[in-house]
Amino acid sequence: MASNTLSAGIRHTPGERVYHVFKYVVCIFLAVLSIFPFLIMAVNATRTTTQIQAHPISLLFGTNFLKNLDILLGKNMFNPLVGLRNSFIISAGATILTVYFSTLTAYALVAYEWKLRALFFTIILAVMMIPGTVTSIGFYSFIYKIGWTNNLLPLIIPAVAAPGTVFFMRQFMIPSLPMEIVQSARVDGASEFRTFNQIVLPIMKPAMATQAIFAFVGNWNNLFIPQILLTDSKVYTMPIMVSLLNGDVYKTEYGAIYLGILLTVLPIFVIYFALSKYIIAGVALGGVKE
Amino acid sequence: MKKDKSFSYAKYGYLFSIPFVVVYLIFSLYPTVTTILLAFTDAKGMQGLSNWNFLPKEQIFENFVQVVATPSIEKSQFINALKNTVILWVVNFIPQISLALLLTAWFTSRRNQLRAQGFFKVVFYMPNIITAASIALLFNKLFAYPIGPVNSLLQNLGVIDAPIEFTSKVGWTRGIISFIQFWMWYGSTMIVLISGVLGINPDLFEAAELDGASNSQMFWKITVPNMKTILLYNIITSLIGGLSMYDIPQLFNKGNPRRSTITANMFIYNQAFGSNKLFARASAASLIMFVIIAICSVFVFMAFNDEAGKAKRAAKRAARLEAKKNKMEVG
């Protein structure tokens, strides 16, 4: 097998061949390590607690899926449909705002010459890395005073100002947006805002798609800020639902807990396997870390 | 004429920045200022959010003193939490960057091309995108005691005789939390590093190859020095992420055993949103974290600036060389 995988035309010593096989062994081990926990999760979600207690590891799916679902939903705590709906509203809303307004802000930075432009960009660079969690007390205080706790809006509207995404969009826009096109649109009498919407946005589509994926997933996975703001079970998000599974109510219902975890990660798995090519490419570009 | 035109369009630069600036001022800057102010007040309880007083002058740093310097066990929790946070990050990051570098060397090796790279990248990166809270709870169940998948696996393999109560032991709990971080992030780090290697001028490698350099010589003498900025960026973003760690230790073991995995963010959350609602003290702790993270951010900022400067210097050098060459050819 080793000799087949070696590139032709280069002579390899036996030591190099052994090393080459070793690389595959390590990579396959790591691949198993990535998949195995999720496989156990999926299998145990279909088994009874008794089966799980007798043989915690099994690769054979059980038949207890619906029963586990009954137990999971029967406690009137974990509600995947409510979690799904709230997480989707927040993630979709925040993603649309982040992608649209970051592109608009990047356009302001790239296409126009204005006095405060350099300063504005410097500020964006400076605050890009500061995570929202360190100013969470002031944020909570503000949201509490305007009566927006247990409301999804404070988790959506701030997405308009995403410094990291603006930075990424600017870096992408500089080499890929020919200003001649913008100029000719002006000659044709299009307004600046229309030029942005109808000419600039389509050119920026690839970068917007990449950032949209990361924004969506980042918002979906967020726990800290939603947990602070949302205390009413009607507005719980998926990660808050997960933290409910940690409570005493589900203590020994292993099958139901595994199923609950499975339900919370399923949407992200679907997104990942549909878009993994773009996601990996986005990470390689140094996609903004959430 | 041209200058006149660009002047008339300048207002759109301001206009299109307005949504960002307004939302940033209201939802980021204003909360930041509030957090800073609250750190010097007596804000406590829900009514304390709108009804607070600045501490008297001689006690203005009282919240910071209570958070940091008071030696009683209960109050020195923040230093303990900060220590935990740093330990959890370091124990995850050293193996993470080491494995990512090793895999980068393997995946970009020019002599022995590894197959199925696309598949490995997709699988290695996968844990990174899954909800951290869900992963932490999943690992809590995988490491269950006395009967759980990991205990069962280790017993079947004959590694251990009796099941281990992982979540009651400091070393195990910290180790598992660090492992989860490591496991979630090495794929991401690897992909970033690989794209960095692909960005290095291939002529450098070809020249080294002609000179008979070995794979490892090329890796340490060409690859690593050329990726200093990417490595620095990676270290600092990882550090900032690590300092804000919350979901994984919270969902894995709620900071137990014996407060050994309470992180700084968990401390802040408990102070502000626990039963006592000590907003002022939580703000003081936030402010300390803010300063630490801001210092880290400055390094990222300088790295980017340095990169831009380097590109400029390189361009200048190339232009000079070119000019010299032309001169010589003429001469």
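Tutor: Let's start in chain A, where helix 5 and helix 12 cross each other in a right-handed way. Keep in mind that this model is predicted.

Student: What angle do helix 5 and helix 12 of chain A make, and how far apart are their axes?

Tutor: The angle is about 145°, and the axes are 8 Å apart. Helix 5 covers residues 80-111 of chain A, and helix 12 covers residues 205-221.

Student: How do you know which residues of helix 5 and helix 12 of chain A meet?

Tutor: Contact means heavy atoms within 4.5 Å. Among the residues that meet are Phe88(A) and Thr95(A) from helix 5, with Phe216(A) and Trp220(A) from helix 12. By class, that contact has 10 nonpolar, 7 polar and no charged residues.

Student: Over to chain B. Why are helix 5 and helix 7 of chain B called oblique to each other?

Tutor: Helix 5 (residues 132-142) and helix 7 (residues 170-198) of chain B pack at about 130°. Roughly perpendicular ends at 115 degrees and roughly antiparallel starts over 145, with the rest counted as oblique. An angle of about 130° falls between those limits, so this pair is oblique. Their axes are 11 Å apart, and the crossing is right-handed.

Student: What makes up the contact between helix 5 and helix 7 of chain B?

Tutor: Helix 5 brings Ala132(B), Ile135(B), Ala136(B) and Phe139(B), while helix 7 brings Phe179(B), Ile180(B), Trp183(B) and Met184(B). Ala, Ile, Phe, Trp and Met are on the nonpolar list, so the count comes out as 8 nonpolar, no polar and no charged residues.

Student: What makes Ala116(B) worth a look?

Tutor: Its phi is positive, about 55°, though Ala116(B) isn't a glycine. You'll find it in the loop between helix 3 and helix 4 of chain B.

Student: And how much area do chain A and chain B bury between them?

Tutor: About 9,200 Å², 75% of it on carbon and sulfur atoms. The contact involves 95 residues of chain B and 103 of chain A.

Student: How many salt bridges are there across that interface?

Tutor: The rule finds 0.

Key:
Residues numbered from 1 in each chain as written. Chains lettered and ligands numbered in written order. Predicted model: local features only at pLDDT ≥ 70, side-chain atom pairs only at ≥ 80, totals over all residues. Heavy atoms only, no water. Axes fitted to C-alpha atoms, helices over the stretch in contact; angles between N-to-C directions. Helix = DSSP H or I, 4+ residues; strand = E, 2+ residues; numbered from the N terminus. Parallel < 35°, antiparallel > 145°, perpendicular 65-115°, else oblique. Left-handed = near helix turned anticlockwise from the far one by under 90°. Buried area = accessible area lost by both parts, 1.4 Å probe. Salt bridge = Lys/Arg side-chain N within 4 Å of Asp/Glu carboxyl O.
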